[in-house]
Amino acid sequence: MNSKERFLKIYANIPLSLRKEAVLVIDDEPVSWNAAYIEVFNNTEKSKDILKKLDELRII
């Protein structure tokens, strides 16, 4: 399972109230679960950084 698939699986199981919370910080900006989902879903350049950081932190 690649990091995008792991992220989507974990995101689906996160309670709605927690999705607004910051999950990590990239370029001195907090990234919420919702913002991360939008980036990953749209396969943006920023999504690569998000997935890499989440993987390094063993969140996904």
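Visitor: Which helix holds both Phe7 and Tyr11?
Guide: This is a predicted model, where local features need pLDDT of at least 70, side-chain atom pairs count only at pLDDT 80 or more, and totals for chains, interfaces and linings use all residues. Residues are numbered from 1 along each chain as its sequence is written, and side-chain values use heavy atoms, with hydrogens and water left out. Helices (H or I, at least four residues) and strands (E, at least two) are DSSP runs numbered from the N terminus. Phe7 and Tyr11 are four residues apart, about one turn of the helix, and both sit in residues 3-13, which is helix 1.

Visitor: How many aromatic pairs does the structure hold?
Guide: Rings of Phe, Tyr and Trp (its six-membered ring) pair if their centres lie within 6.5 Å; planes under 30 degrees apart count as stacked, over 60 as edge-to-face and the rest as tilted. By that rule, the number of aromatic pairs in the structure is four.

Visitor: What is the angle between the planes of Phe7 and Tyr11?
Guide: Phe7 and Tyr11 form an aromatic pair at 5.9 Å centre to centre. The pair is stacked, with its planes at 25 degrees.

Visitor: Is Phe7 buried or exposed?
Guide: Buried means under 20% relative accessible area, exposed over 50%, and partly exposed in between (1.4 Å probe, protein chains only). Phe7 has 0% relative accessibility, so it counts as buried.

Visitor: How many residues apart in sequence are the parts that Phe7 and Trp33 tie together?
Guide: The ring centres of Phe7 and Trp33 are 5.9 Å apart with planes at 20 degrees, so this pair is stacked. Phe7 lies in helix 1 and Trp33 in helix 2 (residues 33-41), so the pair ties together parts whose separation in sequence is 26 residues.

Visitor: Which residue lies over the face of Tyr11?
Guide: Tyr11 belongs to one aromatic cluster with Phe7, Trp33, Tyr37 and Phe41, and at 10% relative accessibility Tyr11 counts as buried. A charge sits over a ring if NZ of Lys or CZ of Arg is within 6 Å of the ring centre and within 35 degrees of the ring normal. Here, at 4.2 Å from the ring centre of Tyr11, lies Arg19.

Visitor: Is helix 1 parallel or oblique to helix 2?
Guide: Axes are lines fitted to C-alpha atoms, for helices over the stretch in contact, and angles run from 0 to 180 degrees between N-to-C directions. Angles under 35 degrees count as roughly parallel, over 145 as roughly antiparallel, 65 to 115 as roughly perpendicular and the rest as oblique. The axes of helix 1 and helix 2 come within 11 Å and cross at roughly 140 degrees. That makes their relation oblique.

Visitor: At what angle do the axes of helix 2 and helix 3 cross?
Guide: Helix 3 covers residues 45-56. The axes of helix 2 and helix 3 come within 8 Å, and they cross at roughly 125 degrees.

Visitor: What is the phi of Asp27?
Guide: Most residues other than glycine have a negative phi. Asp27 is found in the loop between strand 1 and strand 2 (29-32), and at 66% relative accessibility it counts as exposed. Although Asp27 is not a glycine, its phi is positive, at about 55 degrees.
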